[in-house]
Structures are given as C-alpha cells and as structure tokens.
Amino acid sequence: MPQLWTETFVTQYFWLLAILFTFYAFIATTVIPKLANNIKARNISEESKEEVAQEVNTQSTTELYTQLKQNISIKEEANTWAIVQSEWLDTNPEEKEEFWASAKITEETEDYLAVSEEQEQSLEDFIKE
Amino acid sequence: MGSHFDQFEIVRLIPFHLFGNFDLSFTNSSLFMLFAVGFFYFLYITNIKSSLLIPNRWQSVIEIVYETIHSTVKDNVGTEGTKFFAFILTLFIFIATMNLFGLIPYTFSPTSHFAVTFGLSLSIFIGVLIIGFLNYQLNYFSMFMPAGAPLGIAPFLVIIEFISHFAKALSLGLRLAANITAGHLLFTILSVFTWNFLTAGGIVALGALLPFSIGLFITILEIAVAVIQAYVFCLLTIIYLGESIHLH
C-alpha cells in the first residue's frame, strides 16, 4: 500500500507543514478579519430590522396609518424626482451612462424607481401647468 | 491492468535531497496540497475580497463554514478557545478542499496518505500536550487518574488511560486516511466493473448500468464523507484542545 510507505514520510510531512503554515498565515491575517467584518455588519442590519419590527408591534393603528402615509408621500416624491431625472438624462445618453456609473447602481434600479401610468400623467399635467 | 492502489502512488515531480539523506522532493501529493490552497485563494480573490453585504453563493458558503466552526469552538472550549479558531478554520478548509479535490477523476488525494494525516494528528497532539502542560504543569497528568476511582485499581486505570490518551493521536489520523482510501477504492472497483461489462459487448453490456448507478450514488455519498470527515477531524481537535484548557 503506497499510503504506508515510510520512505516518502519526510517529504510529505515537510510539504504539509510548509503549505499549512503559509495557508494559516493567509487565513488568520486576511480572510478572518474580512469575514468577521462582513458578518458583524450584517448582524447590525439584522438588529435594526428587528428594532423596526418591534416598533411596528408597539405602534397603534393610527400611528401606523400616519407613518404609512408619510412613507407613501416620500415614495411619490422619489418617483417624481426619478421621472424628472430620467427625462433630463434621456436627452443626453452619454450623461445617462455617466450618471449610472457615478451612482454605483445598476440600471435594474430604474425598474424599482418606475411609476404607474397615472402618476406619470399627473406629473406631466403638473409640468404643463 | 494495474493495481487498485496505483492511484495512491507518490510520484516525485521535482526530486530534491537535503544533505544527501533528507528527501524533500516536490511530489504529486505536494502539488495537490498547493492546488487546494490555490483554489481557496482563487475563491477569496473572486468572491470574498469584495465583501458584499448581500453575499453571493461562494461568500455564503465560506461564511457558513466560518460561523459553524466559530460556534463549535466556542461551545466546546469557551471564549478561551477563540485564539485557536484561526487554526481550526484553516484545518477544516485545508482538509475539506483536499478531500473534495481528490474526488475528481485522475487527481490525487493527499489525505488518503497516512504520512499526511498522521503527521497532522501527531503535530496537533504534541501541541495539545504542550498547551496542557503550560496551563497545569505536572497537574496535567492527573487526567490519567479519574477522580473518585478506587485506589486499588489505580495502576491499571493509569495504564489504560495513558494508552487511550496516546491512541487519540493515532486514531485521529487513521480515521481520515482510512475513510478517504475506502471511498477511492470503492470508486475504482465500481469503475472496473462498469468497464468490464461495457467491453464484454452484446446484451452483457447492459449489466454496466448497475455498477454505474451505484457509482453515481457513491459519488454523492463521498462528497458528504469528504466534508464530514474534515469536520470530524476538526471537532476532535477542538475537543482535545478543550481537555487541555479545562482539565476535568
């Protein structure tokens, strides 16, 4: 059985230690700090999610309604801004590309920012006025 | 046809002898150890270095490994054990990657060699002894005499405990090498069966379906064994470390 050869023990053991120690140095100094930071950051965001969930649980229906209304108005404002922004950007495709590159977000975000036809119509009416 | 054990043969790729006697040749075993480390480095560069808050698949896998090993160390050794966490994580990734690499046809699995696994387990065992001795000095040897045992049987108990303690170094390495060897031998035997059926021709060739389908099942099983054995090796290392830190 080659697995029990004693004449290759020294060479195998030497390379095992050499490679393992190098790998250990890499894991301990580079990989672990990176992973630890990632996990810590994610746990913080999980904690804040729980905090929000707890807040929602303790709020009354009226408070929730008011908050929801506020959130909707914020979203509508964001949509308005997005349409104005995209109309402006549509006039110059180069600027549009530059905008998406500088914003460090993908164009998929456009879908998220998209608004309904009614909202778009109301905005157009607003611009005409 | 060659022997089933041909796949385990050590080939000296770059022969090198130190002082004429010490054989430090770079072998196929060393090459596949480097491959395992290189593969993880590649994963790091392509997936972990960018540190995504929403992780991709590989980053998720590495983070799950990180959290599992971290919680295992903490549960078994306590907070004192966290200083050994980096070593245990290195050990798990190193062994698991080598085991998994060995499953690819025409590759080599260094963990099937007793020289590698026993070398590793012996080094760990010596390390554990040193840590225990540094923590408890001569009191460390009190573990050979379980508390509350009758004095009459003390000499026998000490001998039994002594043997069982030192057998840990042997069993730790032997378990890993034996499991990996058994898996590889099973692959070879099933492949030879399949090939023999296929080359027989005619209706007999259909008989190849049976060993081939068993081989497929064994492949899934061996993937699990590769990871489980790496985990068992690390878990036992953690337990031995725990014993040297918290003397019973």
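User: What makes a residue buried, exposed or partly exposed here?

Analyst: Buried means under 20% relative accessible area, exposed means over 50%, and partly exposed is in between, with a 1.4 Å probe and protein chains only. This is a predicted model, where local features need pLDDT of at least 70, side-chain atom pairs count only at pLDDT 80 or more, and totals for chains, interfaces and linings use all residues. Residues are numbered from 1 along each chain as its sequence is written, chains are lettered from A and ligands numbered from 1 in the order in which they are written, and side-chain values use heavy atoms, leaving out hydrogens and water.

User: OK, so why is Ser25(B) called buried?

Analyst: Its relative accessible area is 0%, and the cut-off is under 20%, so Ser25(B) counts as buried. You'll find Ser25(B) in the loop between β3 (22-23) and β4 (26-27) of chain B; strands are DSSP runs of E, at least two residues, and helices are runs of H or I, at least four, both numbered from the N terminus.

User: What is Ser25(B) in contact with, leaving aside neighbours within four places in sequence?

Analyst: Contact means heavy atoms within 4.5 Å. On that basis the partners of Ser25(B) include Thr11(A) and Trp15(A) from chain A, plus Arg12(B), Phe16(B) and His17(B) from chain B.

User: How do you know that the length of α5(B) agrees with what a helix should span?

Analyst: The expected span is 1.5 Å times one less than the number of residues. With 47 residues, α5(B) should span 69 Å, and its end C-alpha atoms are 65 Å apart, so the two agree. There's also a kink of about 30° in α5(B), centred on Lys168(B); the bend at a residue is the angle between axes fitted to the seven residues ending there and the seven starting there.

User: His184(B) sits in that helix, α5 (residues 154-200). Why is His184(B) called buried?

Analyst: At 7% relative accessible area, His184(B) falls under the 20% limit, so it's buried. Its contacts, beyond neighbours within four places in sequence, include Phe8(B) and Leu103(B).
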